[in-house]
Amino acid sequence: MIIRPSLLASVPLLACFVPWASAFYLPGAAPKDYLPGDRVPLLVNSVTPGSSQLKSIISYDYYDPSFGFCRPDDAPKKQAESLGSVLFGDRLYDSPFDIKMLENVSCRHLCTSSLSGDKTDFLSARIRDAYSLNWLVDGLPVAEMKRDEKTGEIFYSSGFSLGTANPIMPEAKNEAHDVKDWRIEVNNHYQIYLEYHSRDGIHQRVVGALVWPTTRDSLAGSLSEPNCEVEEPYIVRLGQDNQIPYTYSIAWRESPTPWATRWDSYLRVFDPRIHVLSLINSIVVALFLCLMVAMVLLRTVHRDISRYNAIDLDEDVQEDFGWKLVHGEVFRAPKKRMLLSVIVGSGMQLAAMSAVTLFFALLGFLSPSNRGSLSTVMIVCWTLFGFIAGYVSTRLYISMKGEDWRKNIALTAMLFPTILFVTLFLLNFFLIGAGSSGAVPFGTFMAIMALWFLINIPLTIGGAWVGARSGALKHPVRVNQIPRQIPPLDWWLKPWPSALIAGILPFGAAFIESYFIMQSLFGAKVYYAFGFLALTFAVVALTTATTTILMCYFWLCAEEYRWHWRSFLAGGGSAFWLLAYGLLYWATRLHLDGFANKVLYLGYLLLISFLSFLVTGAIGFVATYAFLRVIYSRIRVD
C-alpha cells in the first residue's frame, strides 16, 4: 500500500531496523554539505520493470526518444560509473530538474513532450508492463513511501511507476493482451519531498528523497501554462499524437535522521521472521547431517578399521568386505581427469570469490551508496583468485597421474572464462536487439577482457607453477594394476538419481534466500540481507560436504569406487533443483512477453545454475577427497 502525500505531514518517516539481519554497512562515501540555495543535482537512471508480476526483464535508457522525457538544455551528460554498476545495467545521466537546497517549488513546468502515434504506443506498452522510473538525489534513490500490509511498517520502495494501466473491460483483464484494450494514464507531475539534516544549523545534508507521481491533464482547456491543481488525469490517446506536459513540485523537510543512517529506510528486510526460521531449520538440518557423518566416522568406520587392523596378517582368517574391499581401486585415476581437475579448480575459485565477497558485505564495506560495489568486488576477487584455480587444478591433475600439465594450465586459464564470456556475449546481442540499456558496452567488455588476460591468466599460471612444485598428494593406499569388477548397483546409487537425492537438502537450506534473490535479480525488490546470506552460504557448504560424503560412503559399501565424477555431480545436485525452481518461478511469478525476454531469462537462469553447480560440485569433491584420505590412512592393508 502506498502512503498518500496527505499523510506525510502526520506520519513520521520510520526506518525499518533489523540491524543484525539486514547486514551492517558503512557509509562508504564522504557526506556532501550544502548551503541554502546550493544546487542539488537529480540524476536519472534506466527505466526498469518494477512489478512483482514481471512481464519483461529488459530495461531502457531514460532518454530513449520513444519515452519523450524532458532533456536538459544541453545534451544529457553521462555520469561516471563503476565497472560493476555498468554490468548490472546502471546508466546515469543528469536531468533538467532545478533543485536548490531549502527552496520549495510549486508547479514548475519542465517541458511539453510531443509524441507521435508510434512512440505513444511504445510508452503505453511500457506503462502496461508496469515499468518504473529510477532517480537519484545525492546518491539516494528517489523512492515511494509504502506500508507493509502484513506488519504495518513504513518503508521506502526505490523507484516509482511510469503510469497506470487499467483494462477498459475489467471483467476481461486476463484477455486484454493488446495495448488498445487498456486505459493508459501517464504520471506527468512529480511531487518531490526531500529531507535534510543539519548538525550546525548552517550546512545541510540530504537524508531522504521521496516522490509521489500523479497524472494530471494540466493543459486541459487550451491553457498556455500548466495548471497543477487540476484533478483530471492525462489519458494517453493511443495511436495518436500526444502533447504531454511534465511538471514538478519540491518540498523540503527537516529530519532527525543523521546522514550515516539515511539508508536504513531503504534497506528493509521483508519478513525477517521467515529468514530466521529458514536459517534455524537449515542449521538444524546441517547439524543433523554432521552428526550422521560423525557417527559414520566414529562408529562404523572406526569399528571397521579396528576390526581390520585386529586381523593377524599372517593368518588368512577373514576376507575384506565393505568399503575396505575397494582400497586398491579408490584412488584409481578417473576418466577425463583433465576436465575434472579444471572444473574443480574453477569451482574453488568461484567458492573463494563468493566467500570473500560475502565477508566484505557482512562487515559493511560494500555500502549501497557505492553503486555496483558488490559486483565490482566479485569481479576483482574472481580475477585475483585465478591463483587458486591454477593451484588446485594442477596439483589435483598431477595427483591423478596426469602428465600433460601444460595443457591443464591452459584449459584452467581459458575454459571457464571462455564459456562465461561467450554466454554473456550472446545474451548481450539479444539486449542490443531489444534496444535495452542493460546491454554491456563494448568498452566494458574490453576492460573485463583486459582483467582476464593481463591479471587472471598470469595469476593462474603462477598458481599452477606453485601447485606443480608442491607435487602430487600422497595417497594412503596403492592402486591395483587390474581394475576390480563392479557389481550391479541399486537405482538410487546411480549417478543422476544420487545427485538429485544429495541436492535436496542443500537446496532446501537455501530455498528461502533463493526466493528473495530471485525477486532481486528479476523483480523490483532490493536484497541486502547479507547477514542471512552469509550464514546460509556457510550452511549450504557444510550441508553439501556432508551429504556428498554420506553418498560416497554408500557407494564404497556397494563396491562402487568410481567416486570422482559422482562426488562432483552429487555436490552440484542442488543446482538442478535451483534450475527447476527458476523454471517454476517463471511459470508462477513472471509473465514474460516476447522471444527476447524468454531467451534472456532462460539464459541467465542457466548461467546462474551452472555457476552454482561449479561451486557446490567443487565443495563436494574436495570434502569427499579429504574424507577418503582420512579413512584409508587409518587401515592396515596387506
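Which residue takes a positive phi just after α3? Ala-130 does, at about 60°. The model is predicted, so local features need pLDDT of at least 70 and side-chain atom pairs count only at pLDDT 80 or more, while totals for chains, interfaces and linings use all residues. Residues are numbered from 1 along each chain as its sequence is written, and side-chain values use heavy atoms, without hydrogens and water.

The chain has a mean pLDDT (the predictor's confidence in each residue, from 0 to 100) of 85. Of its residues, 86% reach 70 or more. Over residues 1-25, pLDDT stays under 50. Where pLDDT is low, the predicted coordinates should not be read in detail.

Helices (H or I, at least four residues) and strands (E, at least two) are DSSP runs, numbered from the N terminus. Helix α3 covers residues 117-128. In α3, 9 of the 12 residues are buried (under 20% relative accessible area, 1.4 Å probe, protein chains only). Among them are Phe-122, Leu-123 and Ile-127. The cover over these buried residues includes β3, β4, β10, β11 and β14.

Strand β4 also belongs to an open antiparallel sheet of 3 strands, in the order β2-β4-β9. β2 (48-49) and β9 (160-161) stand at the edges with a single partner strand each, so one side of each lacks a neighbour in the sheet. Strands pair if DSSP finds at least two bridges between them. Between β4 (residues 131-133) and β9 there are 2 bridges. Leu-133 has Phe-160 of β9 as its bridge partner.

Notes
Contact = heavy atoms within 4.5 Å. Expected span 1.5 Å × (residues − 1). Buried < 20%, exposed > 50% of the residue type's maximum accessible area, 1.4 Å probe, protein only.
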